[in-house]
Amino acid sequence: AAGEYTATDLSAAFAARIEAIDPSLNSLVSRVEPTEPSGGDGALAGIPYVHKDIFCAKGTRTTCGSRMLADWVAPYDSTIHERLTRSGAVLLGKANMDEFAMGSSNENSHFGAVANPWDTNAVPGGSSGGSAAAVAARLVPFATGTDTGGSIRQPAAFCGVTGIKPTYGRVSRYGMIAYASSFDQGGVIAKSAEDCATVLGEMAGFDERDSTSADREVPDYAATLNDSIAGLRVGIPRQWFSEALDPAVGDAVTAAIDELRAAGAETVEIDLPDADIALAAYYLLAPAEASSNLSRFDGVRFGYRCEDPKDLQDLYERSRSEGFGAEVKRRILVGTYALSAGYYDAFYRRAQKARRLVTDHFQRAFEQCDVIAGPVTPTPAFDRGAHSDDPAKMYLEDIFTIPVNLAGLPGMSVPAGFVAGRPVGLQLIGRHFDEARLLNVAHQYQ
Ligand code: GLN
């Protein structure tokens, strides 16, 4: 009727905004024509969104930020896509990302870097940088992301939006291109915890097509958003407020924690002494898994193939050399080395032990508290190019996010103000499958 907006108008309005603004951000790799609403009549009926370009949606180009898949069209739907479609959400595009989700700045994409909407000289974070930038610029109400080692939380923090990485196993990995399978977890980036709650509720749940999917009931996340946090025990990891943390970021995070206290929460100091060990273990284990996962890109079955191979070996070598970017090659080399016969015990097995240790420390911490609060990143968004020739520096950006992935815990990033004009985030970490509490605390804070 006159004066009323339809779902089609809504998609058209966001599509127009994408058209006008995205050229200055490069947050999307491809547009998907806004079709008629999918017909789904769930909580997301008519709501536009974009997928990180790691999610298969049948008939859409799905690049994973790589030349290797630059022309690859997904032949089937990921479970996440299937569920969002069933709910009625409308896909408007595929978001830019670091190649195969390897990176912390979105500078590793074959399709070019993404600008941070708050300051175009700054990176948006990575690897879900396109998703975070698109939501921050209000190009879409929400975007999907994946968090193997911080890739939802860190870009959400850098772009001043809200992101949740659910417990490992909460959201199906089916149809999500694999990077490091024992860490990979899909989730959502949106404006608020309330929006994250709605989207997560539609995405989450058991899927028999993912062998590590958790057969646990999905609570109604929206129902507990307004619960009081009086008496909630918030653990503050003392080791995270050290020289590694930019003091101005520390102040912003401390102010956010003060607000939780003002809302009735109690804070307790806890020990998480091994963020540095976690980081080292991750940057060995994730490449090891990646070296195995990425062996499927051989120039034969799908994806990029070199011109005029002279024999099979040449086909493999040149297709992979030309199809993968520098960071992906670095990880394949590190991972293959770590898994090789003579070095397995020295590297891979030791890193697995470190993973266990980090998990145990979280378990101990959760005997003293209900949720953990701290920084997401050691600094606000850094300048584009700042770490381009120093991978170790780039990896250090992940020091507070990666421990959570080793333990498979749920984690959130919530906007906590600005430092020098750039947003910073408050990180909330929960017990396994306690996403409802994270969303509740974040909503009370917001
Ligand atoms: N910075 C991490 C990496 O490069 C991010 C990984 C992720 O969460 N996808 O491996």
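Author: A term first: helices and strands here are DSSP runs, of at least four residues for helices and at least two for strands, numbered from the N terminus. Please note also that this is a predicted model.

Reader: Which residues does UniProt list for "active site"?
Author: The unreviewed UniProt entry lists Lys52, Ser127 and Ser151. They are spread over 100 residues of sequence but cluster in space, with a largest C-alpha distance of 10.9 Å.

Reader: Where does serine 127 lie?
Author: Serine 127 is in the loop between strand S3 (90–95) and helix H3 (129–136).

Reader: Is serine 127 buried or exposed, and why?
Author: Serine 127 counts as buried because it has 34 C-beta neighbours inside 10 Å, and the cut-off for buried is 20 or more. Beyond its neighbours within four places in sequence, serine 127 is in contact with residues including Asp98, Asn106 and Ser151.

Reader: What is the peptide bond from glycine 126 to serine 127?
Author: That bond is cis, with omega near 5 degrees. In general, most peptide bonds are trans.

Reader: And lysine 52, where is that found?
Author: Lysine 52 is found in strand S2 (residues 48–52). Lysine 52 is buried, since 32 other C-beta atoms lie within 10 Å. Leaving aside its neighbours within four places in sequence, its contacts include Ala95, Met97, Ser128 and Thr146.

Reader: Turning to the ligand, how many residues surround it?
Author: There are 14 residues around the ligand, and the closest are Ala101, Ser104, Thr148, Gly149 and Ser151. The shell divides into four nonpolar, eight polar and two charged residues.

Reader: A change of topic: which residues of H1 are buried?
Author: In H1, Ser11, Phe14, Ala15 and Ile18 are buried. Seen down the axis of H1, these buried residues fall within an arc of 105 degrees, so they line one face of the helix. They pack against strand S1 (28–31), S2 and S3.

Reader: What does the face of H1 turned away from its buried side carry?
Author: That face carries the exposed residues Asp9, Ala16 and Ala20.

Reader: Finally, what is the phi of alanine 420?
Author: Phi of alanine 420 is near 50 degrees, a positive value in a residue other than glycine. Alanine 420 sits in the loop between strand S10 (411–419) and strand S11 (422–430). Alanine 420 is exposed, because 11 other C-beta atoms lie within 10 Å and the cut-off for exposed is 12 or fewer.

Methods. Residues are numbered from 1 along each chain as its sequence is written. This is a predicted model: local features need pLDDT of at least 70, side-chain atom pairs count only at pLDDT 80 or more; totals for chains, interfaces and linings use all residues. A residue is near a molecule or strand if its C-beta atom, placed from the backbone, lies within 6 Å of it. Ala, Val, Leu, Ile, Met, Phe, Trp, Tyr, Cys and Pro count as nonpolar, Asp, Glu, Lys and Arg as charged, and the others, Gly among them, as polar. UniProt positions are given in the numbering used here, feature names are shortened, and annotations may be inferred rather than shown by experiment. Two residues are in contact if their C-beta atoms, placed from the backbone, lie within 7 Å. The arc is that of the directions from the helix axis to the C-beta atoms.
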